[in-house]
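User: Hello! I am new to this structure and would like to get to know it through a few questions. Could you walk me through it?

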Amino acid sequence: MTLTKITPGQPLTDTQRNGLQLVSLWGGGKRDVVLAIDVTESVGLNDQGRIRLRQIVADSLKPGDSVYVVPFAQDLVFDEIISVENPLGKPIYFRDKNSENINKVLAKIPFNSDPNRYGTDIQKAELTVYQGIAQINQNRVSKNQPIKPQSVVWITDAPLSTKPGITSEVWIETPANSPFRIATSPESQERQGWIKALSFKERSLIIKNQDNKDYKLSVVDLNPTVQEICTPAPGGQETCLVNPYLLKQLWLPSLILLLILASMLGSILKYAKLQKKWDLRVKFESNGEYEEHRLPNNKKIAIGEYDPTCIDSIDCPGGEIRAYLERKGEKLYLVPKEDTKIQLNNKKVTSRTLILSANFTLNC
């Protein structure tokens with residue numbers, strides 16, 4: 001499969017955004033977590049910074065998360081080949097929350113600054129990271145896999161989310177030849193496009209470094225999203241990306257949900273039906289008079305004299321109890337007592353018998 005480098009797409013509708021959120025939940029709520037760490041000496045992680053990073057790894061990562069460790073200065077510092085398939089390097093799969101997986105992530109984090117790295121090009125780092133995490137989800141779309149929510153943890157003394165065309169007054173370390181110093185450069189415009197397309201939330205915490213200077217630990221959370229691409233097609237049509245993807249991802253869970261809802265509705269209707277009392281109308285052929293009785297589920301009416309285990313009784317000659325009319329769910333049974341004579345529709349009954357008709361004759 002050939003993967004293509006993605007660019008910021010067209011705006012999504014609320015329905016599409018909600019659909020993508022459902023897709024991420026269907027994927028088990030697993031996340032991409034990027035640890036973007038400034039390795040220049042101006043940051044210089046001290047004990048507090050190390051503690052914060054260890055907290056994030058030990059306490060915040062969840063089983064199933066994919067963790068990307070991205071050191072940066074003028075460029076991103078990778079010890080592996082970067083590609084469209086792995087735009088931020090190969091992730092560490094956080095399989096379980098145990099010491100082995102925690103140490104695997106901690107081992108890849110640069111806790112000490114690199115004296116050979118200087119001049120943090122923060123806008124370049126932002127472009128690379130935001131395009132990279134968008135690419136990771138877009139690759140999943142190409143493979144028809146569930147997308148994930150994503151988070152970037154920035155550790156740097158450089159300002160984040162600044163306007164295009166970063167000046168020395170805003171951030172002095174940006175290299176003099178960086179295209180990000182020019183607001184109209186393609187790189188500056190692309191970065192701004194990704195900041196707009198991903199619409200993230202940012203939270204920051206100021207930390208003092210070993211030289212008593214400030215840097216920030218900032219967490220940027222991104223909702224699960226992909227870039228919509230629509231192209232005109234012959235016949236007044238257009239081909240788009242998101243809706244067909246949502247259809248492929250959600251038809252099965254939608255069907256399962258529909259079946260669950262149908263089953264729940266059926267159960268509710270059945271329960272309501274079972275709670276409804278049956279109306280029994282008894283006609284005595286001896287005098288032509290009528291009696292009305294009500295029979296709840298799992299209850300019975302005695303035929304003959306009164307029985308404390310029954311809710312009601314129907315008189316018959318002789319006085320003693322001859323049988324019971326017993327309701328079980330949607331079925332009515334005639335249950336004769338031993339050594340008694342009773343007929344159902346002119347046939348002698350000697351054992352528990354299902355009554356099949358709504359109109360029937362009993363003869364005592």
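Predicted model: local features only at pLDDT ≥ 70, side-chain atom pairs only at ≥ 80, totals over all residues.

User: Is N345 buried or exposed, or something in between?

Analyst: Buried residues have under 20% relative accessible area and exposed ones over 50%. N345 has 40% relative accessibility, so the class for N345 is partly exposed.

User: What is the phi of N345 near?

Analyst: Most residues other than glycine have a negative phi. N345 is a residue other than glycine with a positive value, and its phi is near 50 degrees.

User: And in which loop is N298, which also has a positive phi?

Analyst: The phi of N298 is near 60 degrees. At 48% relative accessibility, N298 is partly exposed. Its place is the loop between β10 and β11 (300-303).

User: Let's turn to the rings. How are the rings of F72 and W154 arranged?

Analyst: A search of the whole structure gives three aromatic pairs. For F72 and W154, the ring centres are 5.6 Å apart and the planes meet at 80 degrees. Planes over 60 degrees apart count as edge-to-face, so the arrangement of F72 and W154 is edge-to-face.

User: How many residues apart in sequence are the parts that this pair ties together?

Analyst: F72 is in strand β2 (residues 65-72), while W154 is in strand β4 (residues 150-156). F72 is buried at 1% relative accessibility, and W154 is buried at 0%. The parts tied together by the pair are apart in sequence by 82 residues.

User: Which residues form one aromatic cluster with F72 and W154?

Analyst: The cluster has F72 and W154 as members.

User: How far from the ring centre of Y333 is R352?

Analyst: Charged groups also meet rings here: the charged end of R54 sits over the ring of F111, 5.0 Å from its centre. R352 lies over the face of Y333, and its distance from the ring centre is 4.1 Å.

User: Finally, which helix gives the largest share of the nonpolar surface patch?

Analyst: The patch has about 1,200 Å² of accessible area together, and its residues include W26, W251 and M264. W26 lies in helix α1 (residues 14-26) and is partly exposed at 44%. The largest share, 11 residues, comes from helix α6 (residues 242-275).

Conventions: Residues numbered from 1 in each chain as written. Heavy atoms only, no water. Patch = residues over 30% accessible without salt bridge, like charges linked within 9 Å, V, L, I, M, F, W, Y side chains within 5 Å. Areas by Shrake-Rupley, 256 points an atom, 1.4 Å probe, with all protein chains shown as cover. Salt bridge = Lys/Arg side-chain N within 4 Å of Asp/Glu carboxyl O. Helix = DSSP H or I, 4+ residues; strand = E, 2+ residues; numbered from the N terminus. Buried < 20%, exposed > 50% of the residue type's maximum accessible area, 1.4 Å probe, protein only. Phe/Tyr/Trp six-rings, centres within 6.5 Å; stacked < 30°, edge-to-face > 60°. Lys NZ or Arg CZ within 6 Å of the ring centre and 35° of its normal.
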